[in-house]
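Subject: Structure handover

Hello,

Here is the structure for your files. My notes on it follow below.

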Amino acid sequence: MSGILEEVKYFANLAEKAPPIRWSRFRPFKVTFKMGSPVCVTTPWVSFDGLIAHLMMMDAFGQDFFITPKKLDLSPYLPHNQRLLPILKTGDIYHTSVSQFIPHSVKITQIYKRFEERWSENLKNKTIRLGSGHFRMYAMKQPYVPCKEVVYYVNGDMDLIKQLIEQYLVGLGNDIRIGFGMIRDVVFEETEEDYSLIVEGIAMRPIPVTMCEEYDDSAYLPYKAPYWSPRNVVLCVPPGARCKLKDEYQRSVKTMG
Amino acid sequence: MNIKEVLRQWAETDEHKARVEETRQIIAKALTTHQKPYVAFSGGKDSTCMLHLVLQQKPDIMVYHWDYGPYLMPRDVEKEVIEIAKKIGTQNLVVDTSRLYTSREATGIWYREFFGRVIKELCQQGYDLVFVGIRKHESLKRKRRVERGEKLTVIDECWPLQNWTWQDVWAYIFSNNLPYHSVYDKYAPIVGLDNARFVTFFDPEFDKIGASNLDGVLMWRWRNMKD
């Protein structure tokens, strides 16, 4: 337990010491990732605010990012009101649409979990069983989307987001280490309207039902980063479903959008 | 020509007809040599075919279905299984489950309950044979099991579909207009009709083979559950 607390303290210190982030003008824009290889997915979409939060953690922690605890949500322990995401927020959700894959078709492949020699350094046994036990090799199903473009609609600081993406983003989606999600180019275009939350009554991202006056579908979904944390799962209107925000949130969309 | 049409034509082949006839004979023989048989019905494509064939010879046979609980089997998916069993003509359906299904992490319950409780109860009730829809083509392990006649419990097992291929199964379903679970229509366009399986969803037991990766994309609605 003390190990975890020390880890949390260590990363909280790092975050505190990280240089402050200066926002400039927030505006609605479209980000188009031109893909060089298919995007590997384990959910139907990849969230943009999660992606930016990930890049900001890399920016704050530097190389230490790669030793952050994998199953611990650090966000409650990090200093608040410091290095906030440069994205417009309404209620508790960020103005970022989920990914739109163009074209959108899910395919499947198999990847192989094999024994790697680097794991053998601290092993006592001289022989390793590959057919059973801890080092058993598996053929794993891996869905992917062989798309040419991935599009997001965002409302935030375009320059800062562009800088983060250009500096830190290696690829999109899962398993980029084996070649998935390779990015050829990223195009940023300002848009006149804000398409990041709701477009013509259709949700562009998971929106908690508590923020909605009307909705025609709902499911338990994470609505903010880290998207893997069960803490962030609430009953949401899923992307693609029809909904109408409550007046108090409508106002903020109109003002800021 | 789409795959359904191809498989309907497969149903017209002598090879397929011979396998169906062989299955009918296996079932007929098992019914004469045993007093009180039952059918194990999962709701998948194989057990659907088997159930249809067994019901033709013994319409009042007990059909045993195991419900994996709300955490591994979404309720509307489970409801559809029951509807399929009834549509095929099941008169005597028994749906069993366990109180131990309290979360997704509660694994291995079927093994514990089935071998610890269910089999004892079935034996006490006098059941002496179970029809199981396994096929040799599914895996080497199943092929060996069938060839060696290895049964899992003290109750005799009969495998009427043992020589069927996946084409035979779908050909039988399409040519007889049998209802089949809608999950197949979701998974088959991606994994193929040959690889589409009806199993538990987001089951930690299958994480190592990446089943949850695909469930996450196709069954995203059930990835997160709240009590």
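Helix 2 of chain A has 14 residues and spans 20 Å from its first C-alpha to its last, close to the 20 Å expected at 1.5 Å a residue (the expected span is 1.5 Å times one less than the number of residues). Helices here are DSSP runs of H or I with at least four residues, strands are runs of E with at least two, and both are numbered from the N terminus.

This is a predicted model, in which local features need pLDDT of at least 70, side-chain atom pairs count only at pLDDT 80 or more, and totals for chains, interfaces and linings use all residues. Residues are numbered from 1 along each chain as its sequence is written, while chains are lettered from A and ligands numbered from 1 in the order in which they are written.

The buried residues of helix 2 of chain A are F48(A), D49(A), G50(A), L51(A), I52(A), A53(A), M56(A), M57(A) and A60(A). Buried means 20 or more other C-beta atoms within 10 Å of the residue's own, with C-beta atoms placed from the backbone. After helix 2 of chain A comes G62(A), with a positive phi near 60 degrees.

**Cores**

The largest nonpolar core holds 53 residues, and those touching the most other members are V39(A), V41(A), I52(A), M56(A), V154(A), M204(A) and I207(A). A nonpolar core is a set of buried Ala, Val, Leu, Ile, Met, Phe, Trp, Tyr and Cys residues joined through C-beta atoms within 7 Å. Helix 2 (residues 48–61) of chain A gives this core its largest share, 7 residues. Another core, of 30 residues, lies apart from it and includes V63(B), Y64(B), I84(B) and I134(B).

**Interface**

In chain A, 18 residues are in contact with 15 residues of chain B (contact: C-beta atoms, placed from the backbone, within 7 Å). Strand 6 (107–113), strand 7 (138–145) and strand 14 (219–222) of chain A each give two or more residues to the chain A side. Strand 7 of chain A supplies the largest share, 6 residues.

**Sheet**

Strand 14 and strand 15 (residues 233–237) of chain A pair over 4 bridges, with P222(A) opposite V233(A).

**Confidence**

The model scores ipTM 0.84 and pTM 0.86.

Regards

Definitions and conventions. Contact = placed C-beta atoms within 7 Å. Buried ≥ 20, exposed ≤ 12 C-beta atoms within 10 Å, placed from the backbone. Pairing = 2+ DSSP bridges.
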